[in-house]
Amino acid sequence: LYVQATKRGKLPHGFLNPFKAVDVGQDEERVDRNGNSTEARVLTKDEESKLLEAASGQWCRGAILLSLRLGLRIGEVIALEWLDVDLDRKTVTVRHQRQRVAASTRVLMKKHVGEHGLISVPPKSKAGNRMIPMPPSVFEWLSAEREANTTPFVFPNTGGNNPKEPRALSACFNVAVERAKLTTVNERGKPIAPPTFHDLRHTFCTRLAAHVPAHVLKTIAGHSRVELTLSYYVHTDDANLFDAMSKIQ
């Protein structure tokens, strides 16, 4: 009634806006069942180093590195083929991602499905299909890995006929996180859950946001809209604020 009356420009005498009675309140921190904060986590430089060191000797170290330095999603990391890696131009092209599909969907798609119902599909949007220049650490790792890996995949399974399983990457990653003994409280002193693999992408985007324009970050992250990049994957901490204000004369 209030909306209809507002559109007509006529409100009954004494009619109060019902929305004014709604108490929006302050934003609440999201927590899990154990009371740990589940807000997107941005690793510090020290935590990055500890995590990579903890993963030394494990196959998932390379996957962790690619997500931290290229911002790849877990499905994009797993689906990466050597055809996507250009060591001459020093670029990685994201063309597909590894996705699990239900049995009924497999029949409809009429496509070959790999182990555990996994299939390589195009990125979620056109923007997801993107070329990313390699930083030196990624080029160094991929160059060394290419010499030893003769399969079509950067992260092959035991038989070499398919990529690794995403769940295998998550399991290996979780072991590395446990070994790294990362921070267990946030800047407000509240308990925080261990980082997820997707937090590596959060970390990458937040780092890059301090150095490149938003439209460049959007392209590298593979988003169709810059608002998505800034809203979901970029987080500001105190260090960012002090660094920004130090540039003001």
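## Surroundings of F197

Leaving aside residues up to four places away in sequence, F197 touches A63, I64, S67, L72, I74, V77, L169 and F173, where contact requires heavy atoms within 4.5 Å. This is a predicted model, in which local features need pLDDT of at least 70 and side-chain atom pairs count only at pLDDT 80 or more, while totals for chains, interfaces and linings use all residues. Residues are numbered from 1 along each chain as its sequence is written, and side-chain values use heavy atoms, with hydrogens and water left out.

## The chain as a whole

Eleven helices and five strands make up the secondary structure of the protein chain; helices (H or I, at least four residues) and strands (E, at least two) are DSSP runs, numbered from the N terminus. The chain has 249 residues, of which 39% count as buried, that is, under 20% relative accessible area with a 1.4 Å probe, protein chains only. Of the contacts in the chain with a separation of 6 or more, 62% join residues 24 or more positions apart.

## The nonpolar core

F197 is also among the residues with the most contacts inside the largest nonpolar core, together with L51, I64, L142, V154 and L200. This core has 42 residues; such a core is a set of buried Ala, Val, Leu, Ile, Met, Phe, Trp, Tyr and Cys residues joined through side-chain atoms within 4.5 Å. At least two residues each come from α2, α3, α4 (74–79), β2 (91–94), α6 (136–148), α7, α8 and α9 (214–221). Helix α3 gives the largest share, seven residues.

Nine of the eleven residues of α3 are buried, including I64, S67 and L68. Just after this helix, G71 takes a positive phi of about 75 degrees.

The axes of α3 (residues 60–70) and α8 (residues 198–209) come within 7 Å and cross at roughly 35 degrees. Axes are lines fitted to C-alpha atoms, for helices over the stretch in contact, and angles run from 0 to 180 degrees between N-to-C directions. On the α3 side the contact is made by I64, S67, L68, R69 and L70, and on the α8 side by L200, R201, T203 and F204.

## Helices α2 and α7

Helix α2 (residues 45–54) and helix α7 (residues 166–180) have axes that come within 8 Å and cross at roughly 120 degrees. From α2, the residues K50, L51 and A54 meet F173, A176, V177, R179 and A180 of α7.

Technical notes:
Buried means under 20% relative accessible area, exposed over 50%, partly exposed in between (1.4 Å probe, protein chains only).
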